[in-house]
Amino acid sequence: MTLEPNYEPRPGLTHRDADWSGLHVLVVGLGVSGFAAADALAERGAHVTAVSRDVTDVITERGRILEILGVDVRLGPEHVHTPPEGTELVVTSPGVPPHDALMLAAATAGIPVWGEVELAWRMRAREGAAPWLTVTGTNGKTTTVGMLASILRAAGLRATAAGNVGTPILEAVLHPEPFDVIAVELSSFQLHWQRSVSAVASAVLNVAPDHLDWHGSYAEYLRAKGRIYDNTHIACVYNVADLQTEQLVMDADVVEGCRAVGFTLGVPAPSMVGIVDDVLADRAFVEQRQHSAAELCTLDDLRGDLEAVPPHYVANALAAAALARAYGVGPIAVRDGLRAFRPDRHRIAAVDVPGPVRWVNDSKATNTHAAAAALRSFDSVVWIAGGLLKGADVDGLVQEAASRLRGVVLLGRDRAEIADALARHAPDVPVIDVAATDTGAMDLVVAHAARLAQPGDVVLLAPAAASMDMFDNYGARGDAFEEAVRRHVIGEGA
C-alpha cells in the first residue's frame with residue numbers, strides 16, 4: 001500500500017516566481033536530476049537538505065558545489081531513513097521506490113513527496129512557458145521523443161527532448177534561452193510521483209510487465225503509466241494494437257474537449273494515424289476525416305541508415321507524428337523531421353563487420369517486450385540474452401520466438417530463468433550457458449554465438465534484461481558486444 005499525503009506543502013507553488021523562500025525541502029538522491037532540483041530550490045531561497053545513499057566521486061563533487069550554494073549535504077546510507085525535523089517537502093529522484101523507508105516515513109508524517117517532473121512543472125515560467133508533449137511506454141520512449149523533437153525542429157520551432165533520458169526536464173524548463181515546446185520522455189518511476197502536469201498531447205506507446213519490483217504489482221505499474229494522460233488538453237495518443245493503452249485513456253481525467261487519437265500499423269479509421277500502402281497517413285488532424293487523409297511520409301522516409309524498418313519503429317514514428325500534429329505541425333515538417341532523425345546507438349544497430357552472418361546490437365532491449373519486438377524483426381536468429389529480469393516472466397517471449405531461434409547464448413544473473421523457459425518451449429534449440437562475469441565474458445559469448453550461426457543468420461543481442469549485474473548500463477553492454485564482435489570477425493579474417 002502506498003500512502004499519499006497532501007500534495008501541497010504551501011499554497012501557490014505553481015511557477016518559478018512563487019514564494020519558495022524559507023521552504024524546508026529534502027532532496028533525495030544526487031544524480032543529475034537531484035542535483036538540478038537542489039540547485040534550483042536553493043537559488044530561490046529554499047532551505048535545502050540533500051541526501052544520497054551512494055557516495056561516489058561524482059556525487060561528492062556535486063555535494064561540494066551544492067554546499068557552496070548553501071545546501072546541507074549529507075552523504076551515506078545513515079541519512080536516508082527519515083526526513084530531518086521540520087521538512088515540509090521531499091523531492092525524490094526517480095530510482096527511489098515508494099516502499100523505500102524514507103518515502104514511507106515521509107508519507108506517514110504527512111510530508112508531500114514530489115518527483116523531479118512535478119517540481120519541473122511547478123518551476124515553469126508564470127507566463128509563456130513552453131508547452132509539453134509527453135511520451136511514455138514500456139518500450140520505444142526515447143526513439144519516439146527523439147523523432148518528435150526532430151519533427152518540431154523541422155517545423156522551425158526551438159525544441160528539445162528532455163526527461164527520462166538525456167537532458168533533465170528541470171534543466172530544460174529553466175534554460176536561459178526558453179524553448180518553444182519540449183518533447184518529454186517520462187518513465188513509470190517519474191509518473192508515479194507527478195500530479196500536476198498538463199500536457200498539450202500525451203502518448204502511451206505500449207504497456208507490458210516491467211519494473212514490478214519497483215511498483216509492487218502490474219496494476220500499480222499501469223496506474224503510473226496512465227497518469228501521463230491526466231489533464232491532457234488536445235489529444236491522448238494510444239496504441240490501437242494494445243487495448244490497455246486505450247483503457248488508460250478511457251480512465252484518465254482529461255481537459256474537456258481532449259480527443260483520443262489512435263495509431264495503428266493498419267489502415268487508419270477516422271481519428272487515427274496509420275499506414276495506407278507504404279504511406280504514413282493522418283485521419284485525425286484533417287478536415288473531413290471521415291473521407292480524407294493527409295500523407296505524412298513514406299516508409300522509405302523512415303529508413304535512414306537502417307537495413308530494414310522494423311514494425312515497432314514505424315509505430316514510434318506514427319506516435320511522434322500524432323503528437324506533433326496535435327500541436328499543429330504540418331505534414332511537410334513531419335516528413336522532414338522523420339527523414340532527418342537517426343536513432344541512438346544500441347537500438348537494433350547492425351555492427352559493421354564483413355561476413356555471411358549479420359551481428360545486431362539491441363542492448364537497449366532491457367525487458368521482454370523490447371526483446372520480442374527485436375526478435376520479430378528477423379527470421380533466423382542466434383539470440384544473446386540474460387541479465388537482471390526485474391521480476392519479469394519470460395515464458396511468453398520464448399514461446400513466441402521459438403520458431404525463429406537457431407540457437408541461444410545466455411549470460412548474466414537471471415540466465416537460468418531463460419534457460420528453463422527454453423527447455424519448456426524450445427527444447428530442440430541449442431543453448432550455451434556462459435557463467436563468466438569478468439571483462440572477457442562477452443568475447444566468450446560472441447565466440448559461442450559465431451559457432452551456432454549459419455550463413456544468412458542474425459546474431460542478435462536483445463537481452464530482455466537489465467545490465468547492471470555485469471555492466472554499468474545497457475550502453476556499456478552494447479559497446480562490449482560490438483567490440484567483441486569486431487575482435488572475433490576481424491581476427492578470423494586476418
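Contact means heavy atoms within 4.5 Å. Axes are lines fitted to C-alpha atoms, for helices over the stretch in contact, and angles run from 0 to 180 degrees between N-to-C directions. Helices (H or I, at least four residues) and strands (E, at least two) are DSSP runs, numbered from the N terminus. In these terms, helix α2 (residues 57-68) lies across β2 and β3, and runs at about 160° to β3.

The model is predicted: local features need pLDDT of at least 70, side-chain atom pairs count only at pLDDT 80 or more, and totals for chains, interfaces and linings use all residues. Residues are numbered from 1 along each chain as its sequence is written, and side-chain values use heavy atoms, with hydrogens and water left out.

The protein has 18 helices and 20 strands. Its radius of gyration is 23 Å, close to the 23 Å that the globule rule gives for 494 residues, so the protein is as compact as a globular protein of that length. The radius is taken over C-alpha atoms, and the rule is 2.2 Å times the number of residues to the power 0.38. Along the principal axes, the C-alpha trace spans about 70 × 60 × 40 Å. Buried residues make up 56% of the 494 residues. Buried means under 20% relative accessible area, exposed over 50%, and partly exposed in between (1.4 Å probe, protein chains only). Of the contacts with a separation of 6 or more, 66% come from residues 24 or more positions apart.

Two strands pair if DSSP finds at least two bridges between them. An open sheet of 5 strands has the order β3-β2-β1-β4-β5, with parallel pairing. Strands β3 (72-75) and β5 (113-115) stand at the edges, each with a single partner strand, so one side of each is left without a neighbour in the sheet. The twist averages 20° from one strand to the next. Strand β2 (residues 47-52) is joined to β3 by 4 bridges, and the two run parallel. Thr49 has Asp72 of β3 as its bridge partner.

Asn361 has Leu461 of β20 as its bridge partner. Strand β17 (residues 381-385) is also joined to β20 by 4 bridges, again in parallel.

Aromatic contacts were then searched. Rings of Phe, Tyr and Trp (its six-membered ring) pair if their centres lie within 6.5 Å; planes under 30 degrees apart count as stacked, over 60 as edge-to-face and the rest as tilted. The whole structure holds 4 aromatic pairs. Trp121 and Trp132 form an edge-to-face pair, at 4.9 Å centre to centre with 80° between the planes. This pair links distant parts of the chain: Trp121 lies in helix α4 (residues 116-122) and Trp132 in strand β6 (residues 132-136), 11 residues apart. Both Trp121 and Trp132 are buried. Trp359 and Phe481 form a tilted pair, at 6.3 Å centre to centre with 50° between the planes. Trp359 lies in strand β16 (residues 358-361) and Phe481 in helix α18 (residues 474-493), 122 residues apart. Trp359 and Phe481 are buried.

Charges over rings were also listed. A charge sits over a ring if NZ of Lys or CZ of Arg is within 6 Å of the ring centre and within 35 degrees of the ring normal. Arg124 lies over the face of Trp121, at 3.8 Å from the ring centre. The charged end of Arg259 sits over the ring of Phe285, 5.3 Å from its centre.

Positive phi values were noted at two residues other than glycine. Gln288 has phi near 50°, in the loop between β13 (279-282) and β14 (294-298). At 65% relative accessibility, Gln288 counts as exposed. Ala464 has a phi of about 60°, in the loop between β20 (458-461) and α18. Ala464 is buried, with a relative accessible area of 2%.
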